[in-house]
Amino acid sequence: MASSIDCPHRPCPRTPSRDGARTAAAVRGHGRVAAYAVVLVVLAALTGCGAVTGTAPRNAPSATTPTPGDPATAAAPGPPGGADTARPAGPPGGGQTAQGRAGAEPRPPALIPGLGPRTLAWIPDNARQVLVVTGRGRDANRSEAVLHTHTGSGWQAGPSWPARNALKGWTDDHRAGDLRSPVGVFTLGDAGGLLPDPGTELPYDRSDGFAVSGTGFAGEPLAGSFDYVVAIDYNRVPGTSPLDLTRPLGADKGGGIWLHVDHDGPTQGCVSLAERHMRDLLRALDPDLHPVIVMGDAGSLSR
């Protein structure tokens, strides 16, 4: 069943970061076109949180439309949209991850619990905020999230927040529609939502395009799921609105993988947190600290 959403024909205000325009790992931002309003028909068979047509360059505010519904089921009247993302073998993210480099400077001496040498190597040397989302199992859709901040002498862990991920768990090679969340390390730099900016230092798009309706896998209402979102830089162009539909790796690799508000059910590929924890996260993330998300089942992250 397909749904459609009309794009609001008005600019979406954005708050620039303290650094101004930022570039995330493997940014493919050259030759961006001006954003434009669109009417998007979203197929409910697709997965992901927020696919949208057109581009939304961060330096050119514009009206954009989401394909709401990472969480929605195929029968849901609300837009389940966008694909998650797949990544090829090797460091996760298909060219959009923050991944380690051979010969890079050593990581700080204090390590992050639960992360093995391979995962640590994927974290860029300049990252001083790391949100670790650890799944309870390869096929589980429940997880825990902890934001770690480097103090100069080691990593300081924040509180543990309950989280949800995709219905069927995790994958090292995500494909659109597989109902699994991608394992990997990804930069975080762009936020937005249906509600006003809660006080984040990330660029923030407040737009009616984040409205969502319908029900999820357990019949739970999806309304409010996109009150706050943070785009996970996987098969997307960093530095654009989370609503941007550009998929550098192609649609079959998915897209629209977000952190968003929990709707009391598993997602189609995103990671969800309680609304109060999303507010806390948005207020804590600092673009000057080059935040990344490390996400996957415990077994994969420990390698």
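## Salt bridges

A salt bridge is defined here as a side-chain nitrogen of Lys or Arg within 4 Å of a carboxyl oxygen of Asp or Glu. The structure is a predicted model, in which local features need pLDDT of at least 70 and side-chain atom pairs count only at pLDDT 80 or more, while totals for chains, interfaces and linings use all residues. Residues are numbered from 1 along each chain as its sequence is written, and side-chain values use heavy atoms, with hydrogens and water left out. The structure contains 12 salt bridges. In one of them, the side chains of Arg164 and Asp264 meet at 4.0 Å, N to O. Arg164 belongs to strand β7 (residues 155-164) and Asp264 to the loop between β13 and β14 (271-273), so this pair ties together parts that are 100 residues apart in sequence. Helices (H or I, at least four residues) and strands (E, at least two) are DSSP runs, numbered from the N terminus.

Accessibility is classed as buried (under 20% relative accessible area), exposed (over 50%) or partly exposed (in between), using a 1.4 Å probe and protein chains only. Arg164 counts as buried because its relative accessibility is 14%, whereas Asp264, with a relative accessible area of 56%, is exposed. A second salt bridge joins Asp190 and Arg236 at 3.0 Å, N to O. Asp190 lies in strand β10 (residues 184-193) and Arg236 in the loop between β12 and β13, so that distant parts of the chain, 46 residues apart, are linked. Both Asp190 and Arg236 are buried. Salt bridges with shared partners also join Arg138, Asp172, Asp297 and Arg303 into one network.

Glu144 and Arg136 form a further salt bridge, with their closest N and O atoms 2.8 Å apart. Glu144 is partly exposed at 27% relative accessibility, and Arg136 is exposed at 55%.

## Aromatic pairs

Rings of Phe, Tyr and Trp (its six-membered ring) are paired if their centres lie within 6.5 Å; planes under 30 degrees apart count as stacked, over 60 as edge-to-face and the rest as tilted. This rule gives 3 aromatic pairs. The ring centres of Phe186 and Tyr234 are 4.5 Å apart and their planes stand at 40°, so the pair is tilted. Phe186 in strand β10 and Tyr234 in the loop between β12 and β13 are 48 residues apart, and their pair links distant parts of the chain. Phe186 is buried at 0% relative accessibility.

Phe226 and Trp258 form an edge-to-face pair, at 4.9 Å centre to centre and 75° between the planes. With Phe226 in the loop between β11 (204-206) and β12 and Trp258 in strand β13, the pair ties together parts that are 32 residues apart in sequence. Phe226 and Trp258 are both buried. Ring pairs link Phe210, Phe226 and Trp258 into a cluster.

## The loop between β12 and β13

Tyr234 is located in the loop between β12 (229-232) and β13 (258-261) and counts as buried, at 0% relative accessibility. Its C-alpha atom is separated by 6.9 Å from that of Ile257, 23 residues apart along the chain.

Asn235 is found in the loop between β12 and β13 and is buried, with a relative accessible area of 0%. A polar atom of the Asn235 side chain lies 2.7 Å from the backbone nitrogen of Leu249. The backbone oxygen of Gly254 lies 2.5 Å from a polar atom of the Asn235 side chain.

Technical notes. A polar contact is a pair of N or O atoms within 3.5 Å; within protein, one must be able to donate a hydrogen and the other to accept it, and residues adjacent in sequence count only if both atoms are side-chain atoms.
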